[in-house]
Amino acid sequence: MLIEVTVKRHEQSGLIEIHNVRKWYTASNGKLLSRGRDQIKAVDGVQFNIISGESLGLVGESGCGKTTLGMIALGLEKPTSGSVIFKGRDLSKLGRKELRSLRCNMQLIFQDPYDSLDPRMRIGNIIAEPLIVHGIGRRSTRKKRVAELLEIVGLSSVDAGRYPHEFSGGQRQRIGIARALALNPRFIVCDEPVSALDVSIQAQILNLLSNLKQEFNLTYLFIGHGLAVVKHISDRVAVMYLGKIVELAQKQQIFSKPRHPYTEALMSSIPIPDPTIQPKAVMLEGDVPSPINPPNGCRFHTRCSYAHDICTKKEPSFIDIGGDHWVACHLWNSH
């Protein structure tokens, strides 16, 4: 059983709500003696909810805005426009003190288990740091809590006195998970938490995250670029391309009947461990366009084999095509 950690919570809605969020960065256009500035449209009009207790997988190619969206969901990045509602409260309207209190409910598991741990600190101090920052418990209570968390993630309480360099990559990620659990949060953003690990270790960490979700009723935004990994842990899957969500549905719907051409291409890249099955490969031509100057109309039309004239002129609406299966594609907008 977990030691009870007293943290003030707001229990109103139990939902993470992302409302038409945009995040544009200003960058120099690189031209000599020019004062011009380009807008990098990292996230450009994204909207979805995450139900309390579910795991939403967010997938897409590198640079599509996944991590930026995760930071916005945590309130670590302020959106250019739009809002993030956490348990009924708009993060952008909270004062510093209120936001600090609410952060106990929101935590982050980093992608790189090597750079995310301070090499000068002992593991016990790293895990206890969130408790110290929020003034929770006495020293003896925090020590007991650290020992308990280490046991929960599959390590030993004696590891508290060791330093990060004494652990493997998988063990370091377990330490990062223990730190994220320290304040007994409700919502955790997992930012590609297994991408830096060996394949044999990835399954262990994914199983750990799945077990923790069930045991403590956690809500995940699980960010990844590998669909096979996301499939293992997600209840629903959102597919992101060039700053926009192009498809969102239950995991079974996404993997059995992908409706967006981009999702279809991603699915065809998943290896099938059966030499007798020859899946149809969907090859994407060209590179992802620049988020500084995205294509007009549908942003995927420059790489889509189904593109028509309307795709180059009009941006498709994000619509429910049935069964809470959302798609942004003119192939379905006309149905």
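Buried means under 20% relative accessible area. That cut-off applies to the views below, which show a predicted model.

**View 1. Helix α1 is largely enclosed by the rest of the structure.** The helix spans residues 66–73. Seven of its eight residues are buried, so the rest of the structure largely encloses α1. Lys 66, Thr 68 and Leu 69 are among the buried residues. Gly 70, Met 71, Ile 72 and Ala 73 are buried too. Gly 75 follows α1 and has a positive phi, near 80°.

View 2. The buried residues of α3 include Ile 123, Gly 124, Ile 126 and Ile 127. Ala 128, Pro 130 and Leu 131 are buried as well. Gly 135 follows α3, with a positive phi near 65°. An α-helix has 3.6 residues a turn, so residues three or four places apart point the same way.

**View 3. Helices α3 and α5 pack at about 30°.** Two packed helices are described by the angle between their axes and the distance between the axes. Here α3 covers residues 123–133 and α5 covers residues 169–181. Their axes lie 7 Å apart. Angles under 35 degrees count as roughly parallel, and α3 and α5 are therefore roughly parallel to each other. The crossing is right-handed. On the α3 side, the contact uses Ile 123, Ile 126, Ile 127 and Pro 130. On the α5 side, it uses Ile 175, Ala 178 and Arg 179. By class, the contact holds six nonpolar residues, no polar residues and one charged residue.

**View 4. Helices α3 and α4 pack at about 120°.** Their axes are 9 Å apart. The crossing of α3 past α4 is right-handed. From α3 come Ile 123, Gly 124, Ile 127, Ala 128, Leu 131 and Ile 132. They meet Arg 142, Arg 145, Val 146, Leu 149 and Leu 150 in α4. By class, the contact of α3 with α4 has eight nonpolar, one polar and two charged residues.

**View 5. Phe 318 and Trp 326 form a tilted ring pair.** Five aromatic pairs turn up in a search of the whole structure. For Phe 318 and Trp 326, the ring centres are 5.7 Å apart and the planes stand at 35°, so the pair is tilted. Phe 318 counts as partly exposed, at 28% relative accessibility. Trp 326 also counts as partly exposed, at 28%. Elsewhere, ring pairs link Tyr 241, Tyr 262 and Phe 300 into a cluster.

View 6. Setting aside residues up to four places away in sequence, Leu 206 touches Val 194, Phe 222, Val 229, His 232 and Ile 233. Pro 193 is 13 residues away from Leu 206 along the chain. The C-alpha atoms of Leu 206 and Pro 193 are separated by 8.7 Å.

**View 7. The whole chain has 11 helices and 12 strands.** The chain contains 335 residues, and 48% of them are buried. Among contacts with a separation of 6 or more, 66% join residues 24 or more positions apart.

Technical notes. Residues are numbered from 1 along each chain as its sequence is written. This is a predicted model: local features need pLDDT of at least 70, side-chain atom pairs count only at pLDDT 80 or more; totals for chains, interfaces and linings use all residues. Side-chain values use heavy atoms; hydrogens and water are left out. Axes are lines fitted to C-alpha atoms, for helices over the stretch in contact, and angles run from 0 to 180 degrees between N-to-C directions. Helices (H or I, at least four residues) and strands (E, at least two) are DSSP runs, numbered from the N terminus. Angles under 35 degrees count as roughly parallel, over 145 as roughly antiparallel, 65 to 115 as roughly perpendicular and the rest as oblique. A crossing is left-handed if the near helix is turned anticlockwise from the far one by less than a right angle, and right-handed if clockwise. Contact means heavy atoms within 4.5 Å. Ala, Val, Leu, Ile, Met, Phe, Trp, Tyr, Cys and Pro count as nonpolar, Asp, Glu, Lys and Arg as charged, and the others, Gly among them, as polar. Rings of Phe, Tyr and Trp (its six-membered ring) pair if their centres lie within 6.5 Å; planes under 30 degrees apart count as stacked, over 60 as edge-to-face and the rest as tilted. Buried means under 20% relative accessible area, exposed over 50%, partly exposed in between (1.4 Å probe, protein chains only).
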